[in-house]
Amino acid sequence: MKKRYLFTLSFLLSCSIAMAQEHKEKIEKSVERKEAISHFRYLASDEMKGRDPMRPEIDLAARYIAEQFWRYGAQEVEGADGFYQFVPFRVSGPPSKGELKIGDQTYEQGTDILVLDGSDLSGSYSLVAAGHGLEDDYSNLDVDGKIVVVKVGAPDQMSPSELMALGRKKKALAKEHGAAGLIEMFNAPTAPWGMLTNYLNRTQMTVDESQDEASLPYIWLKDLSGEHYASVNQGNKSEAEITIEGKINRKIQGRNVVAVIEGTDPELKNEYIMLSAHYDHIGVGQPNAEGDSIYNGARDNAVGTVAVINAAKYFAENPPKRSVLLCAWTAEEKGLLGSAYFADNPLVPLDNIVFNMNIDNGGYNDTSLITVIGLGRTTADPLIEDAVRAFDLKPTPDPSPEQGLYDRSDNVNFARKGIPSPTYSLGFTAFDDEIGKYYHQQADRVDNFDLDYAMLYWKSYLLSAQKVADMDERPFWLPGDKYEEAGRELYGMEAVNEGN
């Protein structure tokens, strides 16, 4: 009996190794160097003008990705318009004049306040403190025609992406309850005020699902000590005079590019592994010393977009057991907006999406590595590690957890919903000068990218996705992960008994 067991185990292991080798050989054949690099060169070309989601060239990039999905045989997703999920955006520029007077103090746009969104507004308004500005904070509170004053973020939700996501939610709630405007008292330790004014005192983009042309004025007021909120909450300051003039607002239409490849297993094909990358970048800016004004975004994130295009070709030829959902997100650089819209308006039920293998990048400084942001958090980790090693690369987890990278890319919009969602990144050991030389710089071009490494990166990503898509058991969070509870709720799993 023991000999039979050992024989069976040895046979299964041999079959597994043979299958892995077969997958690798098919990937080697599918990812043709000249073809893949051609995709890379086009998406990161000067003609794309940096793929800014507020510029028209972004539509050229979206069309190109959609054409490759169609060319390789991926299918349209039900509910999409062709290969597009259209995303409604509001583009909002800073006002020519922004002024807020509370008591005997006057605050100016770009110094003490930031008018982030909304229409022009002038007049005196009553102030009402409303905690963090979430639904429960409005209980028995009359804010009709008044300015709602709230604390920034929410308990345990203070990362930059969480602040922006909560801001959209707070603005919608304030408008729903009849408020005339929203002031968020800013004292988040995660972002210095000076950095924010440099970044946010310019044209911004937000998701706009409202039918109204007018938008609720939304203001951040610097309140590092919390004294301003306390004064309003205690009734010491109950009125404000607001002047917002010359506010720029316009609507534009963005595009998430999506496609699907049906799985082969009669049961598992109803589950999806989502392969995603953002295809936008930061556009055109001031010329550098060489006179280059275009931020081509080869590393961030044309290389990731090509990985998803490669996946369309490979999985259309070699469908796995589970279905594959291919997603190229817009407006990641504007606050993870495209992926957030899909997460809130999914074309596939979220509880059918069992894993998200996201891609985002700042650069690389070690071509012997693949850095997986989130490695060590899901049951799929061993398979991803095996896939990376199959191409003689070393898998490594996030080397800079203090940067909060996991919660700064599109994957977090799905992790919050409960979907296991690592980000598959180029190899880096630290945010050092080598990364800084290219990250959000005009120098981030294909002509200085190690293309041999790009090929290994793309191929190892496909093998990782193949292995996860063919798992017998559904991948899930490891016990104790901060998103485990959300996952259990999403998939209808029993809660963990903490007493055991």
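Me: In this predicted model, which residue of strand 8 is the bridge partner of Phe89?

Reply: Start with the bridges. Val207 in strand 8 is the bridge partner of Phe89. Then step up to whole strands. Strand 1 (residues 84–93) pairs with strand 8 in the antiparallel sense, over four bridges.

Me: Are the faces of strand 8 covered or open?

Reply: Check the residues on each side. Both faces are covered. Gln204 and Thr206 are buried on one side, Met205 and Val207 on the other.

Me: Is Gly254 buried or exposed?

Reply: Read the relative accessible area. Buried means under 20%. Gly254 has 6%, so Gly254 is buried. Gly254 belongs to strand 11 (residues 248–261).

Me: What does Gly254 touch, leaving out residues up to four places away in sequence?

Reply: Gln85, Phe86, Val87 and Phe89.

Me: How many aromatic pairs are there?

Reply: The count is 19. Take Tyr314 and Phe315: 4.9 Å centre to centre, 70 degrees between the planes, edge-to-face. Both of these residues are buried.

Me: Why is the pair of Tyr424 and Tyr457 tilted?

Reply: Look at the angle. Planes under 30 degrees apart count as stacked, over 60 as edge-to-face, the rest as tilted. The planes of Tyr424 and Tyr457 are at 45 degrees, so this pair is tilted; the ring centres are 5.5 Å apart. The pair links distant parts of the chain: Tyr424 in strand 17 and Tyr457 in helix 12, 33 residues apart. Both Tyr424 and Tyr457 are buried.

Me: Which charged residue lies over the face of Tyr84?

Reply: Arg255, at 5.1 Å from the ring centre. Likewise, Lys24 lies over the face of Phe391, at 5.0 Å from the ring centre.

Definitions and conventions
Residues numbered from 1 in each chain as written. Predicted model: local features only at pLDDT ≥ 70, side-chain atom pairs only at ≥ 80, totals over all residues. Heavy atoms only, no water. Helix = DSSP H or I, 4+ residues; strand = E, 2+ residues; numbered from the N terminus. Buried < 20%, exposed > 50% of the residue type's maximum accessible area, 1.4 Å probe, protein only. Contact = heavy atoms within 4.5 Å. Pairing = 2+ DSSP bridges. Phe/Tyr/Trp six-rings, centres within 6.5 Å; stacked < 30°, edge-to-face > 60°. Lys NZ or Arg CZ within 6 Å of the ring centre and 35° of its normal.
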